[in-house]
Amino acid sequence: METGSRDDLRAADEPVWTGLHPGLLRMRRRLAVVWLGLLALVLGLLLGVLAGPAWAAFALLPLALMAWSWVLLGRNWRSWRYAERADDLLISRGVLWREETVVPYGRMQLVEVTSGPVERRFGLATVQLHTAAAATDATVPGLDPAEAERLRDRLTELGEARSAGL
């Protein structure tokens, strides 16, 4: 019976992870298709005109890279997640090299929401966390703008409450 209670305690300590918005994956894949497609077209035309039609076959290399990047972008997107805990924010990412960043609320100095033109086109925003140590700055990309603002407000509120006690 004691084993069950230990498992219950571990389950209560486990963070509730939130993944990134699917729009981030769509945006990154579209950008890869556009840029690598343009590269294949330009490379094919240049090699075809300057070196001959046989050399134009090398334009297929960016297309192969496009297919490979499609898979890698999906794996990378699935690896990103974040969790809000009582005293800190966890950010986990990485496929081959897993990286988990822990940002205590009391150490946060600035929380900002940014959204560039491409992100806005896809309905996305990024939350950037700044701390006193530059090495611990953290980013949560690819959020819905409403979720990004909610997270910014919550982190700011928790950061002010935790730093007031210092």
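# Briefing on a predicted chain

A83 has L90 in β3 as its bridge partner. The model is a predicted one, in which local features need pLDDT of at least 70, side-chain atom pairs count only at pLDDT 80 or more, and totals for chains, interfaces and linings use all residues. Residues are numbered from 1 along each chain as its sequence is written, and side-chain values use heavy atoms, with hydrogens and water left out.

**Elements and sheet**

- The chain contains 5 helices and 7 strands; helices (H or I, at least four residues) and strands (E, at least two) are DSSP runs, numbered from the N terminus.
- Starting at the N terminus, the order of elements is α-β-α-α-β-β-β-β-α-β-β-α.
- An open sheet is formed by 4 strands in the order β1-β2-β3-β4, with antiparallel pairing; strands pair if DSSP finds at least two bridges between them.
- β1 (18-19) and β4 (99-104) are at the edges and have a single partner strand each, so one side of each lacks a neighbour in the sheet.
- Strands β2 (residues 81-84) and β3 (residues 88-93) run antiparallel and are joined by 4 bridges.

**Burial and core**

- Of the chain's 166 residues, 31% count as buried (under 20% relative accessible area; exposed is over 50%, partly exposed in between; 1.4 Å probe, protein chains only).
- The largest nonpolar core has 24 residues, and I91, V127, L129, L143 and L155 have the most contacts inside it. Such a core is a set of buried Ala, Val, Leu, Ile, Met, Phe, Trp, Tyr and Cys residues joined through side-chain atoms within 4.5 Å.
- Helix α5 gives this core its largest share, 4 residues.
- S69 is found in helix α3 (residues 60-79) and is buried, with a relative accessible area of 14%.
- Leaving aside residues up to four places away in sequence, S69 touches A32 and L36 (contact means heavy atoms within 4.5 Å).

**Salt bridges**

- The structure holds 6 salt bridges, each a side-chain nitrogen of Lys or Arg within 4 Å of a carboxyl oxygen of Asp or Glu.
- R150 in helix α5 and E84 in strand β2 are 66 residues apart, and their side chains meet in a salt bridge (2.7 Å, N to O).
- E84 also forms a salt bridge with R154, with the closest N and O atoms 2.7 Å apart. R154 lies in helix α5 and E84 in strand β2, so this pair ties together parts 70 residues apart in sequence.
- E84 is partly exposed at 25% relative accessibility, as is R154 at 33%.
- The side chains of E99 and R93 meet in a salt bridge (2.6 Å, N to O); R93 is buried at 18%, whereas E99 is partly exposed at 42%.
- Salt bridges with shared partners join E84, E147, R150 and R154 into one network.
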